[in-house]
Amino acid sequence: MQINLKRMITESRNPASAEIDTLSTLDVLSVINQEDKKVPLAVEAAIPQIAQVVDAVVNAFAKGGRLIYSGAGTSGRLGILDASECPPTYGTPASQVVGIIAGGHKAILQAVENAEDNAEMGAQDLKDIDFNEKDVLVGIAASGRTPYVLGAMAYAKSVGATVAAISCNPGSAMSQSADIAIELVVGPEVVTGSSRMKAGTAQKLALNMITTGSMIRSGKVYGNLMVDVEATNAKLVQRQVNIVVEATDCTPEMAEQALNACQRHCKTAILMVLSGLSANEASVLLNKNNGFIRQTLQGMNI
């Protein structure tokens with residue numbers, strides 16, 4: 001199968017780095033840095049589409065659905081990275097945001113040849129996790145034409161799910177197949193075709209926005225504090241205390257006392273300190289307000 005790579009912006013040669021092999025180390029890095037500065041601008045241009053994905057994910061979460069990433073190579077690894085950081089940061093179950101990569105677990109650490117060319121496996125990997133119409137699929141591929149991802153997207157559409165695509169070439173097959181197309185056009189790479197660079201950075205920024213935006217809109221953030229953080233290590237135990245102190249202006253001792261009384265659930269501890277409620281009372285009120293601290297406080301006129 002022949003692929004016309006020359007038509008892809010991500011595969012074109014960059015004139016800014018045409019003689020990069022003749023430069024000093026300092027100048028090589030300066031060229032890379034200058035090109036990297038273009039990435040946030042490309043992401044900025046796609047914010048309206050990213051916002052559509054966030055709204056779709058928030059709606060899916062509210063109905064018991066999941067956010068699923070499908071990708072190959074660098075794109076697949078970025079999806080797995082983003083998904084794996086949600087449980088410790090926002091206290092989500094591991095099943096709520098899931099990253100799937102062509103070639104399976106082995107491909108996280110090393111390349112698995114030809115895995116990305118298997119469209120049927122893209123669909124099968126979704127079937128294996130019981131992907132359904134409540135879920136949102138985000139296909140990720142810099143090229144916008146990876147068969148594995150296109151196979152996953154086609155299956156997701158066939159079951160009635162919302163399907164988004166993140167790519168770095170405008171008008172790609174993935175964009176045309178998606179309900180929401182996020183096109184991060186960062187231009188040619190410093191090293192021709194090395195899409196782990198600008199394209200990968202742009203994808204990471206977009207993924208950060210999708211999950212962070214979704215968690216904020218789902219009540220996982222109060223102010224700018226991650227109030228559902230789990231205390232899984234010493235640093236995070238202290239972070240919980242700091243979060244309660246910042247949110248309530250109480251003393252560290254009061255924060256620790258409230259956290260201990262509610263099995264170290266930050267949201268509950270914050271509401272306890274601000275309202276004077278017991279752990280059980282605060283927990284019940286939070287549940288009635290779907291875990292939104294601000295909404296709970298407004299209902300109490302605090």
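1. Let's start with strand β1, residues 67-71, in this predicted model. Five of its five residues are buried, so the strand is largely enclosed by the rest of the structure. Buried here means a relative accessible area under 20%.

2. The burial applies to both faces of β1. On one side sit Leu67, Tyr69 and Gly71, and on the other Ile68 and Ser70; every one of these is buried.

3. Now for the strands that pair with β1. Strand β2, residues 97-101, runs parallel to β1, and five bridges join the two.

4. Moving on to a helix: Thr296 lies in α15, which covers residues 293-299. With a relative accessible area of 2%, Thr296 counts as buried because that value is under the 20% cut-off. Leaving aside residues up to four places away in sequence, Thr296 touches Leu271, Leu285, Leu286 and Asn289.

5. Finally, have a look at Glu11, in the segment before α1 (25-36). Glu11 has a relative accessible area of 28%, so it is partly exposed. Although Glu11 and Val191 are 180 residues apart along the chain, their C-alpha atoms are separated by 9.4 Å.

Notes:
Residues are numbered from 1 along each chain as its sequence is written. This is a predicted model: local features need pLDDT of at least 70, side-chain atom pairs count only at pLDDT 80 or more; totals for chains, interfaces and linings use all residues. Side-chain values use heavy atoms; hydrogens and water are left out. Helices (H or I, at least four residues) and strands (E, at least two) are DSSP runs, numbered from the N terminus. Buried means under 20% relative accessible area, exposed over 50%, partly exposed in between (1.4 Å probe, protein chains only). Contact means heavy atoms within 4.5 Å. Two strands pair if DSSP finds at least two bridges between them.
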